[in-house]
Amino acid sequence: MSEHHGRHARQERQAEVSRRVFLRRSSELSFAAAVTITAGGALLNASEAWALDVKGLQPQTMKTLILIARDIYPHDKVADRFYAVAMKSHDEKAASDPATKAQLEALVAGLDAAAGKGGYAGLGWESQRVALLRTVSASPMFETIRSGLIVSLYNNPEVWPIFGYEGESYSKGGYIKRGFDDIDWI
Amino acid sequence: MAAATFNQNDDSVVVIIGSGAGGGTLGNELAQKGINVVVLEAGERHEYTDFINDEWASFTQLAWKDPRTTSGSWRVSRNFPTLPAWIVKAVGGSTTHWAGASLRFQEHEFRTASVYGRIPGANLLDWPVTLAELEPYYARAEEKMGVTRTGGRPGLPGSNNFKIMKAGADKLGYKECHTGNMAINSLERDGRNSCQQTGFCFQGCKWGAKWSTLYTEIPKGEATGKMEVRPQSHVARIEHDASGKVTGVVYFDKDGKEQRQKARVVAVAGNSIESPRLLLNSASSKFPDGLANSSGQVGRNYMRHMTGSVYAVFDRPVHMYRGTTMAGIIRDEGRHDTSRGFAGGYEMETLSLGLPFLAAFLDPGAWGREFTTAIDGYSNMAGMWLVGEDMPQETNRITLSDVKDQYGLAVADVHFDDHANDIAMRSHAYKQGAAVYDAVGATRTFPTPPYPSTHNLGTNRMSANPRDGVVNKYGQTHDIKNLFVSDGSQFTSGGAENPTLTIVTLAIRQAEYIADQMKTKAI
């Protein structure tokens, strides 16, 4: 079973991706244009107001990985910053493990080459990008990314309200007075 | 009265391995009869106030994560190769995690060989005990556990998820749909709260409303001064003397040091993967195939129930995660009716997962828009679990793997292939589950594959003839008089019903037998 990201580690990561109230993806620009790389090598989404320091990977690689994360588990209502948070652990691992860094860079380089001019992030249609992902989906690194996202994306309490999941219940007295049987349309 | 502690050299005690539905109940029942008991539990002791309303954090706290391997064609082996089962390593065993569904087996399910006839590939066998013999004990178990809709106890109220199931059941003409026979207090009872519809049943009930040996049998047993529960005591091996009588167990304590507890009687209740593993790992020169294994059936006939789930998305909110997870059932398909194309039957029970676990289990390995549009429907989603009788097969079995655990002991490999009867039943059940939801206007339904097994049965089964199984009608091993099995590995058939009530029932009866055998000095 993929490892559980402890609450402490998750909070640390989220603190490094500065928060705004936006939950939805607000930018009208394509991901490629919405996320820029600063002079200091960080990723910046000005309209959603988050920034991400990139530690182990090339900033462009990390930017592409965030888009890959969205393409693996696309939710139009979920803002880029949640995918960025979800992928942070790969950058951290790349910072301390050269083999991981090499595998991630190679994965992205391969997809960029296959995409042609503009690279993977330059392909405008999701279906084009997903077609490329399918060519690498049997690889161990793809599976590592995919299975990691199950926890790093969906086990984020800030993501839960987007889907209507209310999370912890006991401290609020359960649902006996909070709508456990409030369905009104059947 | 202070809790008992017994000397490790005290060979007058009954040693019970495991503190769940079987071990915890047996321990208390024996202690109430004045018999000294040491319960060795591999896991830690978390009190119910320690439970966590968070799926992954709770899994980390309670689930058995010691290594196991898997083999066979079942999908669990492909998607979760090291996690064949979602069960518990903690005081209280899987009664901390279970959903509370408490159904009696049906009469014919104790006689599957006679009733189903010969089914190629199925190692069917009649239990050496009948429903009639168990009925008084079922009644005592229901009373002990406070099962709703028995003994005058009212049913739990219906949640949104149940209301959808009921509306669909009514439209399809199903006749037996209600909020279940649940070992969850609908009213305060036995010094415990009533259900607050919290929706984290699988993560342990923080109100204590759901029955668990952790805060019922165990403290009651401890209060007699005759029962000691030792957590973080991982039994490695059962020892015997030259005559073949068991004499005690070797276990690893919380510091990883080997300890020995002597015993007059040993009862194995580690659930259906660890119990046969322990018997196999206890092989000796006198018993080269493992303890109690003259039949060769130790570890075999592993059953996990035909399971699967159906989730459905509607165009309006449901909030299925609110409320008692499994308080909803349709029983009509539980009958044995071969006109449907298979032997045995299945129950349809409400189920919900939180967002994190739904993402993990809805379609393991899947990605892309087909998957994410399903998840997008989360707050408009209803769900049910299909639990039915799977066929015992000799090749579905627990064996010792080449992999070793932290103590250098061979870990269990769980091999499973579906039987054709299981596949036919599951296919029918998926269709019927979807039909229930379609009848209420579902816009989309999903058949969900079986999860890592929460019901694990059959691997030390009861038999009349020692050739066919491991234990007799009292769970006493055929080969060794003072060695017993007290968990669901005793089951000769899986039935269509959730197993816990039957495990508790057998433990109550087994305690009487053990007490009698000890009194007459037969053991």
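Two strands count as paired if DSSP finds at least two bridges between them. The model discussed here is a predicted one.

Q: What makes E1(A) and strand E2 of chain A a pair, and in which sense do they run?
A: Three bridges join E1(A) to strand E2 (residues 43–45) of chain A, and the two run antiparallel.

Q: Why are E1 and E3 of chain A called edge strands?
A: The open sheet has three strands in the order E1-E2-E3 of chain A, with antiparallel pairing. Strand E1 (35–37) and strand E3 (50–52) of chain A each pair on one side only, and they are the edge strands. From one strand to the next the twist averages 25°. Helix H3 (residues 59–72) of chain A packs on this sheet, where it touches E1 and E2 of chain A, and its direction makes about 165° with that of E1(A).

Q: What makes H6(B) roughly perpendicular to H11(B)?
A: The axes of helix H6 (residues 160–172) and helix H11 (residues 420–438) of chain B come within 7 Å and cross at roughly 100°. Angles of 65 to 115 degrees count as roughly perpendicular, and therefore H6(B) is described as roughly perpendicular to H11(B). On the side of H6(B) the contact is made by Met165(B), Gly168(B), Ala169(B) and Leu172(B), and on the side of H11(B) by Ala435(B), Val436(B) and Tyr437(B). By class, this contact has six nonpolar residues, one polar residue and no charged residues.

Q: How do you know that Ala269(B) counts as buried?
A: Ala269(B) has 32 C-beta neighbours inside 10 Å, and a residue is buried if 20 or more lie within that distance, so Ala269(B) meets the criterion and counts as buried. Its place is in the loop between strand E9 (265–268) and helix H8 (271–281) of chain B. Setting aside residues up to four places away in sequence, Ala269(B) touches residues including Ile16(B), Ile17(B), Gly18(B), Leu26(B), Ser486(B) and Asp487(B). The C-alpha atoms of Ala269(B) and Phe484(B) are separated by 8.7 Å, although the two residues are 215 residues apart along the chain.

Q: Why does Gln197(B) count as buried, whereas Lys521(B) counts as exposed?
A: Gln197(B) has 24 C-beta neighbours inside 10 Å and therefore counts as buried, given that the cut-off for buried is 20 or more. Lys521(B) has 6 such neighbours and therefore counts as exposed, given that the cut-off for exposed is 12 or fewer. Gln197(B) is in the loop between strand E4 (177–178) and helix H7 (217–223) of chain B, while Lys521(B) is in the segment after H12 of chain B.

Q: What makes both faces of strand E5 of chain B covered?
A: In strand E5 (residues 227–230) of chain B, Met227(B) and Val229(B) on one side and Glu228(B) and Arg230(B) on the other are all buried. Strand E2 (residues 37–40) of chain B pairs with E5(B) in the parallel sense over four bridges, and Val229(B) in E5(B) is the bridge partner of Val39(B).

Q: Which parts of chain A touch chain B, and of what class are the residues?
A: 30 residues of chain A are in contact with 39 residues of chain B. Helix H8 (140–152) and helix H9 (160–163) of chain A each supply at least two residues of the side that touches chain B, and the largest share, three residues, comes from H8(A). By class, this side of chain A has 18 nonpolar, eight polar and four charged residues.

Definitions and conventions. Residues are numbered from 1 along each chain as its sequence is written. Chains are lettered from A and ligands numbered from 1 in the order in which they are written. This is a predicted model: local features need pLDDT of at least 70, side-chain atom pairs count only at pLDDT 80 or more; totals for chains, interfaces and linings use all residues. Two residues are in contact if their C-beta atoms, placed from the backbone, lie within 7 Å. Ala, Val, Leu, Ile, Met, Phe, Trp, Tyr, Cys and Pro count as nonpolar, Asp, Glu, Lys and Arg as charged, and the others, Gly among them, as polar. Axes are lines fitted to C-alpha atoms, for helices over the stretch in contact, and angles run from 0 to 180 degrees between N-to-C directions. Angles under 35 degrees count as roughly parallel, over 145 as roughly antiparallel, 65 to 115 as roughly perpendicular and the rest as oblique.
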